[in-house]
Amino acid sequence: MMTTIVILIILAVIIGFLIAVYNSLIRLRNQVANGLAQIDVQLKRRHDLIPNLINVAKRYMIHEEQVLTRVTEARNIAKSGLDEFKRGSSGADGLAKLATAESNLSRALGGFYAVIENYPELKADSALKELSDEIKNTENRIGFARQFYNDSVMFYNNKRESFPNNLVANWFGFMPIAQLEFADKSAIDAAPTVNL
């Protein structure tokens, strides 16, 4: 009778441990998904603001069609990269492609802002100032969302890889998650500078 009670207590502790680890891994995985959703929201906002910025600039930058085209193409590639990522290529490869597309967009925007310096009337345009401020704020939000996502990934991966959690994680199929690393960190870490 006493051994049965001890065995039941040991089983209850083991089952309780399994449930606690499983639930904490689920909670952390959901936090990672939330972090990625926040990045998605900010990237969509950035992608939506850029055509407005280009339309305002077109009125002044008649001879700079190549710069405007480069920004528009980079924006379209980044937008389709985000759409493709959301449709299912969400592994490390998908994250790398998304990061590369966003880095290229940041470089194109940087070139755009450099050319704006040659157009004082454009720099003085209030619509351009507002849009530039919105894009700068969005760049900051992307940075914060990326930091939250990467922190969440780190906590999840640490929990998943720690012993004895790794036994539970492997048993229930919790896979490692890749951090969002941009190919050209300098292009993303520093928001484009706008001197209007």
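**Charges, fold and outline**

The chain carries 22 positive and 21 negative side chains, and the centres of these two sets are 6 Å apart. Lys and Arg count as positive and Asp and Glu as negative, while His and the chain ends are not counted; each charge is placed at NZ of Lys, CZ of Arg, CG of Asp or CD of Glu.

This is a predicted model, in which local features need pLDDT of at least 70, side-chain atom pairs count only at pLDDT 80 or more, and totals for chains, interfaces and linings use all residues. Residues are numbered from 1 along each chain as its sequence is written, and side-chain values use heavy atoms, with hydrogens and water left out.

The chain has 7 helices and 0 strands (DSSP runs numbered from the N terminus: H or I of at least four residues for helices, E of at least two for strands). For residues 6-25, an unreviewed UniProt entry lists "transmembrane region"; such annotations may be inferred rather than shown by experiment. That span is 100% helix and 0% strand, with its end C-alpha atoms 29 Å apart.

The C-alpha trace spans about 90 × 25 × 25 Å along its principal axes. The radius of gyration of the chain is 23 Å, whereas a compact globule of 196 residues would have one near 16 Å (taken over C-alpha atoms; the globule rule is 2.2 Å times the number of residues to the power 0.38).

Of the 196 residues, 37% count as buried, meaning under 20% relative accessible area with a 1.4 Å probe, protein chains only.

Definitions and conventions
Buried < 20%, exposed > 50% of the residue type's maximum accessible area, 1.4 Å probe, protein only.
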